[in-house]
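Please study the sequence and the three-dimensional structure shown below. The briefing that follows describes selected features, grouped by topic.

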Amino acid sequence: MPRKRTTFEQIAVPHLAGVYRFACQFTAKERAQDLVQETYLRAWKYFDSFRTDTNCRSWLYRILHNVWRDAAHRQRLEIPLIDDEAAGIEPYYDWEEEFWRDELSENLAAALSQLPEVYRWAVLLADVEELSYQEIATVMDCPIGTVMSRVNRGRRTLASLLLTSRINPANELDEVIGKISKE
Amino acid sequence: MDCKEFREVLDLYIDRELSSEAENSARLHVNECSRCRRAEQQLRSLRRALKEMVAKNDPPLGLVGAVNKISHPWWKSVFTPDGQQRRTRLWGRQVTLPAPVFAVLLLFVLGLGALLVRRPASTAPTASISQNRGGPTAATSTEAATGAIDLSRFDQGGRVSLYKAPR
């Protein structure tokens, strides 16, 4: 037990800040604390099954994803089902010119909160946590092809939301999401 | 690699998911094409901005404390508020269990012993008490026959006669 505790404190607890920051992108801060605490409770419970030569960070994110999904189901929140395979990968980024003139982070939080959650997971895991596509597929429990299309589509949608929020502040974000989802 | 091909693999290039051969080919194209180079830089800017935005939230101290407690046994937080392991001398050896735990264990053992000692004394009289639910007259006759006390008297208001001094 003391050895398990020491290992847990050395390799799992240091990721607390990252896991909390990540959880904050999906819910309010108070709720994020509950998610993180539940994540670490499960991590401690199943820590014996964790292989210490694998990536503990992606293991924790996988637990967080399960906790978040369970919580969403408990609250009867519908996680939008998107046919990622059918959506495919869009070859072009069409937001090159006027998009980057101003400070990028101004509207980023609002745009990110409008991004459908499956895309948000994929984009944040790829861009913030810099996990490999294989690790993201394990965390999100989906094929690697789905990860590719989610990352691609998530970034494009996020960019479109940012662009729209600058041109039409706050009003037409929902329209953009609907339009992109129908594409 | 041309612009169209590069844009198709731009995400994979940024995320370092291309094979080394394809990555070299993409890098060569980026060096040659200013438009694709700008697209790559902008995607990297988006990634940087996301990282900066997410990094703003620090976990509250309460959460840090709660997570740190998860891997510690409950008694440790109760008996050693500072969270430090206390070493106690027991039979000439230093052990890590805190002294209050021994006190609690000792109390538990003493309590258990007291229960075991009291049990035979309390069970003895119950053998002579019958649980006759019949009427009072029937109970009196069986009482006389067996010498047992009929509890049904309590239900019939016979408590006074039960406790009368024997004549």
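The crossing of helix 2 of chain A and helix 3 of chain A is right-handed; a crossing is left-handed if the near helix is turned anticlockwise from the far one by less than a right angle, and right-handed if clockwise. Helices here (H or I, at least four residues) and strands (E, at least two) are DSSP runs, numbered from the N terminus. This is a predicted model, in which local features need pLDDT of at least 70 and side-chain atom pairs count only at pLDDT 80 or more, while totals for chains, interfaces and linings use all residues. Residues are numbered from 1 along each chain as its sequence is written, and chains are lettered from A and ligands numbered from 1 in the order in which they are written.

**Packing of helix 2 and helix 3 in chain A**

- Two packed helices are described by the angle between their axes and the distance between the axes.
- For helix 2 and helix 3 of chain A, the angle is about 135° and the axes are 9 Å apart. Axes are lines fitted to C-alpha atoms, for helices over the stretch in contact, and angles run from 0 to 180 degrees between N-to-C directions.
- Helix 2 and helix 3 of chain A are therefore oblique to each other, given that angles under 35 degrees count as roughly parallel, over 145 as roughly antiparallel, 65 to 115 as roughly perpendicular and the rest as oblique.
- Helix 2 of chain A contributes Val19(A), Tyr20(A) and Ala23(A), which meet Ala32(A), Leu35(A), Val36(A) and Thr39(A) of helix 3 of chain A. Two residues are in contact if their C-beta atoms, placed from the backbone, lie within 7 Å.
- The residues of this contact comprise 6 nonpolar, 1 polar and no charged. In this grouping, Ala, Val, Leu, Ile, Met, Phe, Trp, Tyr, Cys and Pro count as nonpolar, Asp, Glu, Lys and Arg as charged, and the others, Gly among them, as polar.

**The two chains**

- Chain A has 10 helices and 0 strands.
- Chain B has 10 helices and 4 strands, and its pattern along the sequence is α-α-α-α-α-α-β-β-α-β-α-β-α-α.
- Of the 183 residues of chain A, 37% count as buried; of the 167 residues of chain B, 13% do. A residue is buried if 20 or more other C-beta atoms lie within 10 Å of its own, exposed if 12 or fewer, and partly exposed in between, with C-beta atoms placed from the backbone.
- In chain A, 72% of the contacts with a separation of 6 or more join residues 24 or more positions apart.
- In chain B, 21% of the contacts between residues at least 6 apart in sequence join residues at least 24 apart.

**The contact between the chains**

- The contact takes 36 residues from chain A and 32 residues from chain B.
- On the side of chain A that touches chain B, helix 3 of chain A gives the most, with 6 residues.
- By class, that side of chain A has 25 nonpolar, 5 polar and 6 charged residues.
- Leu124(A) lies in helix 7 of chain A and is buried, because 23 other C-beta atoms lie within 10 Å. Not counting residues up to four places away in sequence, Leu124(A) touches Phe22(A), Gln25(A), Glu129(A) and Leu50(B).
- Val128(A) is in the loop between helix 7 and helix 8 of chain A and counts as partly exposed, with 19 C-beta neighbours inside 10 Å. Leaving aside residues up to four places away in sequence, Val128(A) touches Leu50(B), Lys51(B) and Val54(B).
- Val128(A) and Gly18(A) are 110 residues apart in sequence, and their C-alpha atoms are 9.5 Å apart in space.

**Positive phi values**

- Asp141(A) has a phi near 55°, a positive value in a residue other than glycine. Asp141(A) is in the loop between helix 8 (133-140) and helix 9 of chain A, and it is exposed, with 11 other C-beta atoms within 10 Å.
- Arg16(B), which is not a glycine, has a positive phi of about 55°. Arg16(B) is found in the loop between helix 2 (10-14) and helix 3 of chain B and is exposed, with 10 other C-beta atoms within 10 Å.

**Confidence**

- The model scores ipTM 0.77 and pTM 0.64.
- Chain B has a mean pLDDT of 72, and 55% of its residues reach 70 or more; pLDDT is the predictor's confidence in each residue, from 0 to 100.
- Within chain B, confidence is lowest in strand 3 (residues 129-130), at a mean of 48, and highest in helix 3 (residues 20-32), at 91.
- Where pLDDT is low, the predicted coordinates should not be read in detail.
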